[in-house]
Amino acid sequence: MGRIKSKHNNRNFHFMVLAMGLLLLAAALLVMQPAPAEADEGTVNVGIMAPLSGPGAPWGIATARVLELQFKQINDAGGVKVGNKVYKLKWYKEDDKYMGSAAAQAAARLIHDLDCKVIFGTNGSSPVLAMHPITTDNKVPVFCNSFADDAVSPERKYNFRTSMTSHQYAPVVWKYAKGRWPEIKRVAAIGQNDATGKEETNHIKLACEPLGIAVDIELFEPGQKEFYPLLTRVLAKKPDAMDPTCCALGSASLIMKQARELGFKGKFISSVFLDPTLNGPIAGFDNIEGSLTVTWDLANGSPGERAFYKMWCDNWNPKEFNVSPTIFYTGAEIWLEAIQKVGDIDADKVRNLIESGHMFNTTIYGKVKFSGKDYYGVDHQLITPVVISEVKDKKLVEIWRGK
Amino acid sequence: MTLQMFVQSLINSILSGGVLILIAMGLTIILGIMKVVNFAHGEFYMLGGFGIWWFFAEHGLNFVLALILSVTLVGILGVAIERGLFKPFRENAFPSLIISCGILLVFRAATQLSFGLVDHAVPTPEAFKGMIQVSGAFLSKERLIVICITLALIIGLYVFIKFTKAGLAMRAVSDNPAAASLQGMSVDRISSLAFFIGSVLAATAGCLTGPIFYVSPTMGAEPGLMAFVVIVLGGIGSITGTVIAGLIIGFIEGFGAIPFGTNYATVMVYVVLLITLIFKPMGLLGHAEK
Amino acid sequence: MLKNRRLTPNMVLLVIAILLILFPMLSGNKYYLRTITTLAIAIVLTSGFRLIALTGQLSIAQAAFMGVGAYCSTLLIMNLGWNSWICFFLAGFAAALTAGIVGFITLRIKEIYFAIATLALNELFRLIWVEWDTLFGGPAGIVNIPSPDPILGIHFGSVVSFYYIAVLLLFSATAMMLRIERSRIGLIFSSIREFDTLAASLGVNLIWEKVKAFMIACFFAGMAGALYAHLQHFISPVDFTLMDSVMFLLYGVIGGLESVWGPAVGCTVMIFIPVGLRLIPNYNPVIEPIIFGGILILVMRFCPGGLVGLFQKLVSDLKKTESQKGEQEHAAA
């Protein structure tokens with residue numbers, strides 16, 4: 001840091017001031033340009049919001065890829081017929097950086113500037129909650145994936161969740177586990193110390209306690225890699241099973257690897273996500289053998305699931321596949337079906353259709369409908385079949401499928 | 001606390017401290033000698049990790065060969081950055097800080113775009129597999145080896161700085177660059193050497209921890225931040241201080257986690273840092289600028 | 001040549017003020033209104049950062065003080081039902097008070113040590129908000145924050161009203177800081193930065209002056225935080241992280257810390273770059289960090305004085321060549 005004022009600088013002061021003015025003027029002029037995205041006759045603007053940078057990028061980039069392909073295919077096939085008009089889709093992607101403030105700004109752009117009629121996105125609790133005031137005030141439906149209970153509620157009139165959360169998964173998988181291994185008395189639920197992790201671990205607690213299983217909750221800072229201290233603490237309580245709930249692939253894998261290194265012999269039961277092809281290389285295939293999870297193998301699933309997985313593999317690296325695109329792909333399918341069914345892109349009509357319990361036809365899950373009134377107070381939670389799989393020979397094997 | 005837990009926590013503390021020390025050591029040299037505030041230090045750690053993944057896991061090179069290759073490349077990159085970007089801003093904290101933030105953003109986003117959609121696993125070399133048991137506590141061989149290498153590097157670096165001519169020149173430049181250059185030392189060359197050593201140490205840490213953890217574009221964020229905490233706690237430019245501070249933080253994380261949980265251990269690290277700075281504003285072993 | 005183009009800073013400020021006040025009537029685009037609202041908040045924060053930097057201290061905790069203000073006003077409004085305009089000022093006072101306590105302890109620390117200490121402070125605040133979930137809502141944050149209470153029947157729920165509040169805050173904060181800098185206090189601040197021991201020997205109470213700067217900066221940070229909470233209707237610990245604090249530092253240095261205009265220029269340029277990039281058809285936001293980082297590197301590498309510094313240099317070069325030309329013409333005649 002150097003000097004501030006000299007006579008010389010003072011003389012230039014006027015120029016500086018002038019420059020400031022010009023700069024602001026330029027900004028203002030830039031701003032006053034007409035919005036470039038007034039929807040043409042026969043096109044409808046849709047927004048893709050995803051974490052394209054930052055820690056959520058693996059999900060966001062995959063989601064954006066699939067949705068862009070999906071919309072392109074729809075346009076190539078002639079567009080969507082709504083009422084007696086045929087619309088082409090025009091999509092815009094925005095980066096929420098996995099942050100609330102960025103998501104609100106992104107939503108403002110998609111809605112105020114680009115006039116998007118629907119938003120597909122995003123992952124994470126904070127971004128979804130932060131964009132709610134803008135999306136709800138402007139009556140824009142949001143098809144989101146957030147584990148926060150709050151993301152779906154009566155005041156968030158146009159928020160729909162197209163992913164199931166640990167609130168739906170945990171009771172099913174733990175009931176099954178308790179039936180199969182009645183000796184499980186104590187469980188360690190380990191989650192990230194953020195909104196998602198807190199909700200997940202709490203859901204596990206709610207699911208396990210009625211079954212007579214004690215739950216110890218442990219939270220860690222997102223991005224943490226050294227779990228020896230945490231696991232030393234956890235293992236001192238002698239848990240019979242462990243639920244590494246966190247969605248972050250690397251962290252969950254390291255928890256399982258390091259727990260085995262520290263002599264943990266019990267089962268891993270994941271009420272969120274565990275896939276040996278993705279977790280295995282980091283966690284060690286031997287370490288996760290015999291684990292239970294609600295993830296299932298799309299490559300060997302129903303014809304729709306296989307088709308979806310094949311679409312990914314035809315276009316992108318199979319190693320980069322994750323579940324996030326399936327959620328938003330389904331969301332897009334539901335919205336498109338809804339606007340065709342009601343013959344209007346009006347958000348209230350779409351909402352009424354969804355709340356009426358209409359059975360939507362989706363590629364991945366087959367016939368599905370929205371529910372959740374008893375818990376969230378509003379039927380905005382998509383209910384999809386729960387599948388329990390076991391890791392056998394480095395593969396997911398389906399062992400139980402709910403209705 | 002049982003004996004087994006105590007021993008386990010002891011091992012955990014030394015492990016977390018060791019890796020931190022390795023990364024922080026490079027940073028203290030860069031900051032101590034060149035007065036360049038390098039926020040991108042964690043990114044060299046990340047690049048080292050990606051190097052070992054690329055050469056060893058993807059292309060099947062021998063682990064040691066891959067380590068040497070990756071570390072050298074990152075070192076050369078470090079020197080190139082020093083020459084091209086940091087050179088005019090030695091002794092000038094603001095521009096170097098902003099430039100390093102820029103480098104951080106670019107590196108992180110570039111790796112994310114090129115390889116970043118999955119967390120990559122680096123397999124453990126066969127020779128390092130397996131566990132050792134010490135009075136009921138567990139220690140994997142790969143971690144033991146990391147500790148040994150860290151120890152060797154710390155001692156080597158200490159000897160280098162204290163007893164070799166180049167090390168003496170480094171200390172001279174660190175104390176007074178103008179006087180050092182009057183004595184015929186090339187400040188440019190010493191600075192490049194310092195940056196090379198600094199980035200090599202960070203990259204080595206990335207390579208060694210690759211198999212233990214995993215490799216991802218954001219892996220440098222947390223260690224890069226903690227490295228600053230370590231060197232400021234220990235006193236900038238002091239190797240002994242860095243080692244002590246690294247161990248302190250390792251012990252807080254190792255032992256603090258047992259009664260309170262890891263999230264509170266992180267709080268304690270920052271509290272300890274603040275309290276130390278209030279009573280010793282130059283860190284534990286730092287000395288005032290002349 | 002310069003004489004007949006007399007532009008006083010006050011005049012330009014007036015022009016900018018009129019432009020900003022008229023803007024919502026010229027363009028109804030709520031996205032840009034919102035962007036300028038966030039821009040105003042960023043400028044207030046960055047100017048505060050600069051004020052602290054005037055005393056030679058580098059604070060990487062401004063976002064945390066913004067958070068203190070945001071949480072304070074939100075909790076008072078939502079739990080005790082206080083009037084939001086009173087809370088708006090209380091937020092500023094709470095942040096200033098916190099800054100005073102914290103500053104009194106930590107401002108003895110100097111240089112990079114202080115920077116890292118504030119960095120730790122920012123993390124500490126964030127962790128407190130995360131862990132103390134009964135009061136602060138934990139990592140999930142606080143939802144459904146109401147709009148400010150109406151005054152005389154005027155309701156403050158729309159984007160335009162937030163825009164005007166933000167512009168008002170921006171002007172009062174800037175005017176205040178400008179006044180401080182031009183006054184005796186400003187001279188004392190820079191004397192501390194230039195040579196603290198000399199200043200101390202002349203009877204300047206170093207700590208108290210530094211704390212003063214810190215408190216003034218954080219007062220406005222706290223008010224900006226309260227405004228932010230109303231604007232977003234939602235706050236959570238991730239809104240006030242280390243990364244945000246570093247951002248204010250970046251904006252300030254890119255603009256140039258030497259000049260009062262630096263923060264405003266830096267924030268305007270850096271916030272409008274992503275906005276401008278999006279006018280490119282088929283622009284992919286994925287590459288944004290690379291562009292952003294590249295700009296940081298280039299600006300700093302080639303004009304370490306920031307954008308204002310670059311502009312000053314250009315102007316003085318221009319004048320030099322002009323006066324040289326004049327001299328040559330004079331000589332030729």
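A salt bridge here is a side-chain nitrogen of Lys or Arg within 4 Å of a carboxyl oxygen of Asp or Glu. By that rule, the interface of chain B and chain A holds three salt bridges. The model is predicted.

**The interface of chain B and chain A**

One of the salt bridges joins Arg143(B) to Glu226(A). Their closest N and O atoms lie 3.0 Å apart.

Several elements of chain B give two or more residues to the side that touches chain A. They are α1 (3-34), α4 (93-115), β2 (137-140), α5 (141-163), α8 (187-212), α10 (239-260) and α11 (262-279). By class, this side of chain B has 17 nonpolar, 15 polar and five charged residues.

In contact terms, 37 residues of chain B meet 33 residues of chain A. Together the two chains bury about 2900 Å². Carbon and sulfur atoms account for 60% of that area.

**The interface inside chain A**

Chain A is assigned two domains. Domain 1 covers 43-164 + 302-385, and domain 2 covers 166-294. Domain 1 of chain A brings 13 residues to the contact, and domain 2 of chain A brings 14 residues. The centres of the two domains, taken over C-alpha atoms, are 29 Å apart.

About 1200 Å² is buried between domain 1 and domain 2 of chain A, with 62% from carbon and sulfur atoms. Which three residues supply more than any other three of the area that domain 1 buries against domain 2? They are Phe147(A), Met164(A) and Tyr375(A), with 47% of that area.

On the side of domain 1 that touches domain 2, α14 (373-376) and β14 (381-383) of chain A each supply at least two residues. The residues of that side divide into nine nonpolar, two polar and two charged.

**Side by side**

Notes:
Residues are numbered from 1 along each chain as its sequence is written. Chains are lettered from A and ligands numbered from 1 in the order in which they are written. This is a predicted model: local features need pLDDT of at least 70, side-chain atom pairs count only at pLDDT 80 or more; totals for chains, interfaces and linings use all residues. Side-chain values use heavy atoms; hydrogens and water are left out. Domain bounds come from an automatic or database domain assignment. Contact means heavy atoms within 4.5 Å. Buried area is the accessible area (1.4 Å probe) that two parts lose on being put together, summed over both. Helices (H or I, at least four residues) and strands (E, at least two) are DSSP runs, numbered from the N terminus. Ala, Val, Leu, Ile, Met, Phe, Trp, Tyr, Cys and Pro count as nonpolar, Asp, Glu, Lys and Arg as charged, and the others, Gly among them, as polar.
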